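The following note comments on selected strands, hairpins and backbone details. Please read it alongside the coordinates.

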Amino acid sequence: MRFTSLLCCAGVIVALTGCSSLNPFAKKPNPKTQPAPLVELKSDARVRTVWSASIGKADKYVFTPALVDGNVYVASENGRISKLDLATGRSLWRIDTDTGLTAGVGSDGRTVVVVGEKGVILAYDSEGKQRWKAQATSEVLSAPAIGLGVVLIRSMDNRVTAYDADTGDRKWTVQRTAPPLSLRTAPGITIADGTAYVGFAGGRMLALMLTNGAPRWEVAVGDPRGVTELERIADISGTPVVSGRDVCAVAYQGRVACFDTASGSARWAAGLSSDGGVAVDERNVYVADEKGGLNAFSRMGGTSVWRNAQMTNRRLSTPVSFNDAVAAGDFEGYIHFLSKEDGVLIGRIKTGGGAIIARPQMADGFAIFQTQSGSVVAVAAE
């Protein structure tokens, strides 16, 4: 799993506004949980690399590509932002922000937003010209989200703040009390139909009105349980996914669940622990559990469709569903492709090294993966 126990000293503990957080980004192997060896494949003919590019290392942070209007926006820890052509990977422009970055990229095609050290928010236009600068209330690890002229920033003090996309003026703020111990991860924000779906430490997911931050509903994806604070970590993992009238999410030491977007009423839930996120298509919900198993649940009722355990302890990324396959990256930079129908491993691609932690993005029949070593790779499955 991506974060290991305190006793193994693989996690890093840092002070955070009166509470503490465990850092899963280090990706250090635990000798007690050796990763499964790669299964030999007869043929990888069904999968291929479409193009690859380089942006720079992520270091201890996670940078998620943003796909908008046929372009890919990527960023790196050293302050670099690049706009790539989605079809070819060709660089259209590249800028240096002159500051170390901790989160990105958010874009709606008109505004491109990243976050730098000490919570400085930097906004650019689609040609790389800076539009405005603002200040978050604390460190930011999650990629900004943009919709309906609003930029949403989730900071590590369990706060979501909205800024005007044109001016950077602060519009509203919503905050929840942070638990004593939480994962130092980068849960994302999803905007759909005027609503922002946000995961918080403590296992709560909120649906917020984009116009003023008013809560539409709040649900528990993970409920803190156990005696010790370590056992009681139940943070939302990854980014909530909206598909039709469903919004689905997963929590560490919690559940994978889908809810009605209008009311927040639960459609189904299944016990599962993950420090990644979910992928959703018309039939299934896919999620990698903390042991490295890739799971498919029926979207209609939450029943288990299949589970593949061949990547045990390989610390899988959030999966992505496209064409007839579901794919996930691992701690060595391999991308594993499984059949949607039965979970059978059908292919594998090596990206050139570097763990894959960032959520993959999908468009035009192929998926975009960004590694911690700075590779940006577009892959396809036939």
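1. Strand β30 (residues 325-329) has five of its five residues buried, so it is largely enclosed by the rest of the structure. Buried denotes under 20% relative accessible area, exposed over 50%, and partly exposed in between, with a 1.4 Å probe and protein chains only. Strands (E, at least two residues) are DSSP runs numbered from the N terminus. The residues of β30 divide into A325, A327 and G329, pointing one way, and V326 and A328, pointing the other way, and all are buried. In a regular strand, side chains alternate between the two faces of the sheet.

2. On the basis of the model: this is a predicted structure, in which local features need pLDDT of at least 70 and side-chain atom pairs count only at pLDDT 80 or more, while totals for chains, interfaces and linings use all residues. Residues are numbered from 1 along each chain as its sequence is written, and side-chain values use heavy atoms, with hydrogens and water left out.

3. Which strands pair with β30? Strand β29 (residues 320-322) is joined to β30 by three bridges and runs antiparallel to it; strand β31 (residues 334-339) pairs with β30 in the antiparallel sense over five bridges. Two strands are taken to pair if DSSP finds at least two bridges between them. Towards β31, V326 stands opposite L338, and G329 has I335 as its bridge partner.

4. Strand β31 is likewise covered. Six of its six residues are buried, so β31 is largely enclosed by the rest of the structure. Y334, H336 and L338 lie on one side and I335, F337 and S339 on the other, and all are buried.

5. The hairpin of β30 and β31 has four residues between the strands, with G333 at a positive phi near 90 degrees. In the hairpin of β31 and β32, which has five residues between the strands, G343 adopts a positive phi near 80 degrees.

6. A separate open sheet may be examined next. Its four strands follow the order β8-β9-β10-β11, with antiparallel pairing. β8 (101-107) and β11 (130-135) stand at the edges with a single partner strand each, so one side of each has no neighbour in the sheet. Neighbouring strands of this sheet are turned by 20 degrees against each other on average, direction ignored; the axes are lines fitted to C-alpha atoms, and angles run from 0 to 180 degrees between N-to-C directions.

7. Within this sheet, four bridges join β8 to the antiparallel strand β9 (residues 111-116), and L101 has G116 of β9 as its bridge partner. The peptide bond joining G104 and V105 is cis, with omega about 0 degrees; V105 is placed in strand β8.

8. Where do D59 and L148 lie? D59 is in the loop between β3 (47-54) and β4 (66-68), and its phi is near 60 degrees, a positive value in a residue other than glycine. At 48% relative accessibility, D59 counts as partly exposed. L148 is in the loop between β12 (145-147) and β13 (150-155), and its phi, near 50 degrees, is also positive in a residue other than glycine. At 68% relative accessibility, L148 counts as exposed.
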